[in-house]
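Please read them with the structure open.

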Amino acid sequence: FMQDGILRICWWGTFIPLHGLDNILGAMKILKKRELQFTCNLFGVDKPEFNIYAEKIKFNELEERVILRKDLSFSDDSLPKYLVDDCDLALGIFGNTDKARNAVPNKLIEALSMGIPSLTMNSPALKEFFNPETDLWTCETSPEAIAESILKIASGAAHPVDWEQTRQKVLSTFSVARYQEVVSKV
């Protein structure tokens, strides 16, 4: 974690309102102003929205800190390998939609199953599977709240999490065997 003094933040997904990418970019702008040493890799798919976010990054003068990438993927294992090897903090979703407030995002399950420390929006849906006070880090969806949470994480002031314990919880709760068990009961 931050072995070279730089917090390496990662996010991946599609550019939809559920993900709250504008809130994430707002947080990155605040972190830059607060002089946190960080990089943020945003992995997305090559669609028209990719170019829109490239322009937003440039407009906010974040090109040196926020890198928009489409060169790695889950299909060839290049993205999971990068995330495990080079990511200090995975970001979940921070959307201001009803769906965002009522979902457990796939990207959170993916990050936690890889053992990557994760920050996502606080939502009632998380409580169905996790204890947000001990299993992971959560915050509100505003850029200010995201930035403050990241600053606490970077400084070591965030509540401690046993990431391996959370990983094991995710692997057992979201396994294929568990899914088949639940579906067969239905």
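1. β1 and strand β2 (residues 38–43) are paired in the parallel sense through six bridges. Strands and helices here are DSSP runs numbered from the N terminus (E, at least two residues, for strands; H or I, at least four, for helices), and two strands pair if DSSP finds at least two bridges between them. Within this pair, Arg 8 lies opposite Thr 39 of β2. From β1 the chain passes through helix α1 (residues 21–33) to β2, a right-handed β-α-β crossover; right-handed means that, with the strands pointing away from the viewer, the path from the first strand over the helix to the second runs clockwise.

2. The model is predicted: local features need pLDDT of at least 70 and side-chain atom pairs pLDDT 80 or more, while totals for chains, interfaces and linings use all residues. Residues are numbered from 1 along each chain as its sequence is written, and side-chain values use heavy atoms, with hydrogens and water left out.

3. β1 also runs parallel to strand β4 (residues 89–91), joined by two bridges. Ile 9 is opposite Leu 89 of β4. Of the six residues in β1 (residues 7–12), five are buried (under 20% relative accessible area, 1.4 Å probe, protein chains only; exposed is over 50%, partly exposed in between).

4. Asp 135 sits in the loop between β5 (118–121) and β6 (137–139). Asp 135 counts as buried because its relative accessibility is 3%.

5. The side chains of Asp 135 and Lys 169 form a polar contact of 2.5 Å (a pair of N or O atoms within 3.5 Å; within protein, one must be able to donate a hydrogen and the other to accept it, and residues adjacent in sequence count only if both atoms are side-chain atoms). Leaving out residues up to four places away in sequence, Asp 135 touches Phe 130, Val 161, Trp 163, Thr 166 and Lys 169 (heavy atoms within 4.5 Å).
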